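The stops below concern aromatic rings.

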Amino acid sequence: MSKTIAVIDYGMGNLRSVSKAIEHVAAADDQIHVTDDPELILQADRVVFPGQGAARDCMAAISNHQLNRAVLEAASSKPFLGICMGMQVLMSFSEENQGTQLMGLFPGQVRHFPESRDAQGARLKIPQMGWNRVSQTRPHPLWEGIEDQTRFYFVHSYYVDPEQPELVAGTTDYGIRFTSVIARDNLFATQFHPEKSADAGLRLLRNFVNWQP
Amino acid sequence: MLAKRIIPCLDVDAGRVVKGVKFVDIRDAGDPVEVARRYNSEGADEITFLDITASSDDRETIVHVVEQVAGEVFIPLTVGGGIRTSEDVRRMLNAGADKVAINTAAVFNPEFVREATSRFGSQCIVVAIDAKRTSGEGEPAKWEIFTHGGRKPTGLDAIKWARKMVEYGAGEILLTSMDRDGTKIGFDLELTRAISDAVTVPVIASGGVGNLQHLVDGVVQGGADAVLAASIFHFAEYSIEEAKRFMAAQGVEVRL
């Protein structure tokens, strides 16, 4: 059966990569809408919420596009995939831009990486940019066919620190151990970019497109 | 732990890969899409396209190359060469590039870097630095920024320049030693180390790779976060997978 998949476009970052990758894994008759129209988002069968850039700009863009309600409603009612800033803005508060109020779906903070060094004593660069391992902290349908400790592509300087430990579905080490994946009911969100993570990323997106939570 | 990245670089002129690419199992080694597909299947961590098209009539071709590659290769893509305005950046990102590398335009108009990073985000702006050693034998090491393929000095100190570009928002530095570029005798490790220690953002080492040990040296001695190479991969002297296995055997963390 054909599905509609909305990729939320609020002007933050390059959505072509995301929509191309979804297209690549979706069924031929699935419809993909890259859209900022709240109605299309509410009507879609599943929703992808990407995002790049600074927290304050993202929140301003969400509000300017009047997407607050549509995002929160989709996040609590249908298969929903947050990516990068699309994960971070679901928390309550970010340290970025001298402190930014976020959407507040999940209690917790978004924090800047502390200065730290690797085992050889080299200073860890910020942003974390590149391929790092994800520990699958619990089974989840979106991990289907993906080995534990698989590497995914990350680009970020901030990470989420949720108050509810049961939200965590994956962790990654970069100086500290941080939450790289959260999941609850119909929602799954990753700090890494599945659309840029080669075969493992495509597998995760395919799992999402077929997910029946 | 975060893996060190291996990035093959393709020089593209009017939509075709130049400087020769030789793979036995590739039908058309000049087709950037086919070459990118091949590097992706060998495990490249990213791919960089350097557009060296001289004629402005042919400049649009790189956009189509990026569009095609982005439609089937799902790893980060960087495009450099001729990026002079925010409109150039936007066009490349819309075509499917994840990052753009700004080189000469940053030297002539540093504010462009600030403008591009504030508009598109630091994560997608790489500043490319072409540096040449200007200190003599026995003097403390010093490198200067050069433009026009290493022919024109700018008087800018490479380390200070790298710091300034990071202050202006650059998310990554692509560092090429103009002394080593094309020599195959290895990276300028002292330069790589100096820049890597001077900035907080990741540094990609480039220029001079002739064998796999050079890649290891760039990371271990130079402190680079990623290594970029062209000819050793193009001529199929080594595959990317071989390079990664070699690095892993030397204790470098890579994605296999």
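What follows is a tour of ring pairs and of charges placed over rings.

This is a predicted model, in which local features need pLDDT of at least 70 and side-chain atom pairs count only at pLDDT 80 or more, while totals for chains, interfaces and linings use all residues. Residues are numbered from 1 along each chain as its sequence is written, chains are lettered from A and ligands numbered from 1 in the order in which they are written, and side-chain values use heavy atoms, without hydrogens and water.

Over all chains there are twelve aromatic pairs. Rings of Phe, Tyr and Trp (its six-membered ring) pair if their centres lie within 6.5 Å; planes under 30 degrees apart count as stacked, over 60 as edge-to-face and the rest as tilted.

Select Phe113(A) and Phe178(A): the ring centres are 5.4 Å apart and the planes at 80 degrees, so this pair is edge-to-face. Phe113(A) lies in the loop between strand 7 (108-112) and strand 8 (128-133) of chain A, and Phe178(A) in strand 13 (residues 176-184) of chain A, so the pair ties together parts 65 residues apart in sequence. Strands are DSSP runs (E, at least two residues), numbered from the N terminus. Both Phe113(A) and Phe178(A) are buried, meaning under 20% relative accessible area (1.4 Å probe, protein chains only).

Next, select Phe208(A) and Trp211(A), a tilted pair with 6.3 Å centre to centre and 55 degrees between the planes. Phe208(A) counts as buried at 0% relative accessibility, and Trp211(A) counts as buried at 5%.

Finally, select Arg255(B): its charged end sits over the ring of Trp131(A), 3.6 Å from the centre. The criterion is NZ of Lys or CZ of Arg within 6 Å of the ring centre and within 35 degrees of the ring normal.

Conventions: Helix = DSSP H or I, 4+ residues; strand = E, 2+ residues; numbered from the N terminus. Buried < 20%, exposed > 50% of the residue type's maximum accessible area, 1.4 Å probe, protein only.
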